[in-house]
Amino acid sequence: RSVFLFSSEGMPQGHCDFPESTVAAIGWCPKGAQLAVAGYGGVRIFSVLNPSDKPQKFDWKGSLLSLSWSPDAKIIAAGCQDNSLHFWRLPEGRDAMMSGFPHKPVQLCWSRDARWLTSGGSAELVLWPFDKKGPEGRAPVSIEWHEKSICAIAAAAGSRWTASGCRGGEVAAWRQLGDATPAARVQLQSRVEYLAWSPVKNGKNLAAASRDGELGIWEVM
């Protein structure tokens with residue numbers, strides 16, 4: 001029920017308490033020294049530089065399993081236990097939700113311009129529009145390509161490339177969001193558990209790890 005903070009040298013720097021439940025997800029704000037913590041009961045945002053300040057609270061009567069800040073730090077999205085997706089607009093705290101996923105949409109990935117949020121939770125790659133109108137009352141863009149439910153998503157640093165992986169072991173590399181088919185694909189022997197692009201700007205390498213311990217690295221750009 002706490003998140004402990006350490007310096008780059010490994011020295012303790014304090015902790016953030018989340019008394020409502022066990023901590024399920026954490027995420028640093030892209031702009032500023034703030035840490036978001038999620039679990040049952042909602043999201044709490046702590047000021048790391050001023051630990052005595054009360055956290056900003058965004059309550060939700062349910063269990064949150066993941067969270068993701070938008071690159072512009074204006075939105076926090078969270079995947080929920082009840083197969084729904086919840087998000088809060090900061091700082092006003094206005095919230096909304098999207099439901100109807102066959103599985104828990106814990107995989108969340110923003111486009112670098114914060115205009116699109118890509119989510120897992122189904123075999124379709126679901127793209128939610130976060131332009132000025134927002135996704136409220138609008139249908140998302142759904143891309144049908146994977147045969148089984150998507151369980152990993154990752155965006156490349158400094159480019160439009162996005163990767164997705166499913167329970168059937170398929171890994172797809174998309175040149176840009178909205179493409180009907182991927183530009184490259186590979187096959188792992190079991191469910192894709194994690195995807196990561198090389199962190200350098202315009203990095204070309206994609207790593208994928210499977211549930212059975214298989215690790216592959218490919219140059220896809």
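Student: Why is E136 called partly exposed?

Tutor: The model is a predicted one, and in it E136 has a relative accessible area of 32%. Buried requires a value under 20% and exposed a value over 50%. The 32% of E136 falls in between, so the residue is partly exposed.

Student: What makes E136 and R89 a salt bridge?

Tutor: The closest N and O atoms of E136 and R89 are 3.2 Å apart. The cut-off is 4 Å between a side-chain nitrogen of Lys or Arg and a carboxyl oxygen of Asp or Glu. The 3.2 Å lies within 4 Å, so the pair counts as a salt bridge.

Student: Why is that pair said to tie together parts that are apart in sequence?

Tutor: E136 sits in the loop between β11 (124-129) and β12 (141-144), while R89 belongs to strand β7 (residues 85-89), so the parts joined are 47 residues apart in sequence.

Student: Is R89 buried or exposed?

Tutor: R89 has a relative accessibility of 11%. Buried means under 20%, so R89 counts as buried.

Student: Which salt bridge does R94 form?

Tutor: R94 forms a salt bridge with E136, and their closest N and O atoms are 3.6 Å apart. R94 is in strand β8 (residues 94-98) and E136 in the loop between β11 and β12, which puts the pair 42 residues apart. The relative accessible area of R94 is 47%. Exposed begins over 50%, so at 47% R94 is called partly exposed.

Student: How many salt bridges does the structure hold?

Tutor: It holds eight. Another one of them joins the side chains of E193 and R211, at 2.8 Å from N to O. E193 lies in strand β17 (residues 192-197) and R211 in the loop between β18 (205-210) and β19 (215-219), 18 residues apart.

Student: Why is E193 called partly exposed, and why is R211 called exposed?

Tutor: E193 has a relative accessible area of 32%, and R211 has one of 55%. The limit for exposed is over 50%, and the limit for buried is under 20%. R211 passes the limit for exposed, so the residue is exposed.

Student: What makes β17 and β19 edge strands?

Tutor: Three strands form an open sheet in the order β17-β18-β19, with antiparallel pairing. Each of β17 and β19 pairs on one side only. The twist from one strand to the next averages 20 degrees.

Student: How do you know that β17 and β18 are paired?

Tutor: Five bridges join the two strands, which run antiparallel. At least two bridges are needed for a pair, so five are enough. Within the pairing, Y194 stands opposite A209 in β18.

Student: Why is E170 called buried, and why is R112 called exposed?

Tutor: E170 has a relative accessibility of 10%. That is under 20%, so E170 counts as buried. R112 has 52%. That is over 50%, so R112 counts as exposed.

Student: Where are E170 and R112, and what do they contact?

Tutor: E170 is in strand β15 (residues 170-174). R112 lies in the loop between β9 (108-110) and β10 (116-119). With neighbours within four places again left aside, the contacts of R112 are P71, G158, S159 and R160.

Student: Why are N83 and A114 called buried?

Tutor: N83 has a relative accessibility of 19%, and A114 has a relative accessible area of 6%. Both values are under 20%, so the label buried applies to N83 and to A114.

Student: What is the backbone phi of N83 and of A114?

Tutor: N83 has a positive phi of about 65 degrees although the residue is not a glycine. N83 is found in the loop between β6 (75-80) and β7. A114 also has a positive phi of about 65 degrees and is not a glycine. A114 is found in the loop between β9 and β10.

Student: What is the volume of the largest pocket, and which residues are closest to its centre?

Tutor: The volume is about 560 Å³. Of the 25 lining residues, L108, C109, I153, A154 and A155 are closest to the centre. Two or more lining residues come from each of β5 (56-69), β9, β13 (150-155) and β17.

Notes. Residues numbered from 1 in each chain as written. Predicted model: local features only at pLDDT ≥ 70, side-chain atom pairs only at ≥ 80, totals over all residues. Heavy atoms only, no water. Helix = DSSP H or I, 4+ residues; strand = E, 2+ residues; numbered from the N terminus. Buried < 20%, exposed > 50% of the residue type's maximum accessible area, 1.4 Å probe, protein only. Contact = heavy atoms within 4.5 Å. Axes fitted to C-alpha atoms, helices over the stretch in contact; angles between N-to-C directions. 1 Å grid on protein atoms, 1.4 Å probe; cavity = no way out; pocket = protein on both sides within 12 Å on 5 of 7 lines; lining within 4 Å. Points joined across faces, edges and corners; volume = space filled by probe spheres on them.
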